[in-house]
Amino acid sequence: LELEFLEKARRELINGYVIKRHPFRYFTLATIEDGKPRQRTVVLRKVLDDFVLLVYTDERSQKVADIANNPNVNALFYHPKQLLQIRIDAKAEIITDADQLKRYWQNIPENSRKDYITVDSPGTTISNSDQVHYDLENSYFTAIRIIPKTLEYLQLKRPNHLRIKFEYNADGWKGEFLVP
């Protein structure tokens, strides 16, 4: 029975990158920096097998440094119309395969590539927004694979909310109902 909810979670996550205005397109990714949680909104680029999520970033970003120091991350999705929350505890990996990165890069529209070619690293202080300069010769593009360990499904509804925790192991996904 609980596996039907896992399948619903999969469909909604896939819709997050397939349907442009879907609420799961943007999600909150939390990493650990100096022992403290650090959150930011990222764009869901793809859902691979077994709920592995793919995001793109600048290799100089703080999230890449955080993941290098501690690969444990948390992803949080919320669909306001469905009152559906998906929370994923995961291990993140920075993709280093040049061919794979090249394939992802080629799928990025030209006008969006500027996000990965700034001269200065993300987070660098500038005096105003006109001071962002681009390095047309170099790209700092990379991708992150977010590999789930657990997925928590929370559906807010009446008369009873529904909460299920799924864990991934060698036998696949196993779920158990929780008190919301």
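Visitor: What makes up the lining of the largest pocket, by class?

Guide: In this predicted model, that lining has 14 nonpolar, 12 polar and 12 charged residues. Val43, Arg45, Tyr56, Asp115 and Tyr116 lie nearest the pocket's centre. About 1000 Å³ of space lies inside the largest pocket.

Visitor: Which element gives the largest share of that lining?

Guide: Strand β2 does, with 5 residues. The elements giving two or more residues are β2 (36–43), β4 (53–58) and α2 (62–69).

Visitor: Let's turn to β4. Why is Thr57 called buried?

Guide: Thr57, in strand β4, has a relative accessibility of 4%. Buried means under 20%, so Thr57 counts as buried. Beyond its neighbours within four places in sequence, Thr57 is in contact with residues including Lys63, Val64, Tyr116 and Phe141.

Visitor: What makes the pair Thr57 and Ser61 a polar contact?

Guide: Their side chains are joined at 3.2 Å, and the cut-off for such a pair of N or O atoms is 3.5 Å. The distance therefore falls within the limit.

Visitor: How do you know that the buried residues of α3 line one face of the helix?

Guide: Gln100, Leu101, Tyr104 and Trp105 are the buried ones in α3. Seen down the helix axis, they fall within an arc of 140°, so they line one face. An α-helix has 3.6 residues a turn, so residues three or four places apart point the same way. The buried residues of α3 pack against β4 and β7 (141–155), while the face turned away carries the exposed Ala98, Asp99 and Lys102.

Visitor: And what caps the N-terminal end of α3?

Guide: Asp97 does, with a side-chain oxygen 3.2 Å from the backbone nitrogen of Asp99.

Terms used:
Residues numbered from 1 in each chain as written. Predicted model: local features only at pLDDT ≥ 70, side-chain atom pairs only at ≥ 80, totals over all residues. Heavy atoms only, no water. 1 Å grid on protein atoms, 1.4 Å probe; cavity = no way out; pocket = protein on both sides within 12 Å on 5 of 7 lines; lining within 4 Å. Points joined across faces, edges and corners; volume = space filled by probe spheres on them. Helix = DSSP H or I, 4+ residues; strand = E, 2+ residues; numbered from the N terminus. Nonpolar A, V, L, I, M, F, W, Y, C, P; charged D, E, K, R; others polar. Buried < 20%, exposed > 50% of the residue type's maximum accessible area, 1.4 Å probe, protein only. Polar contact = N/O pair within 3.5 Å; in protein donor to acceptor, adjacent residues only side chain to side chain. Contact = heavy atoms within 4.5 Å. Arc of directions from axis to C-beta.
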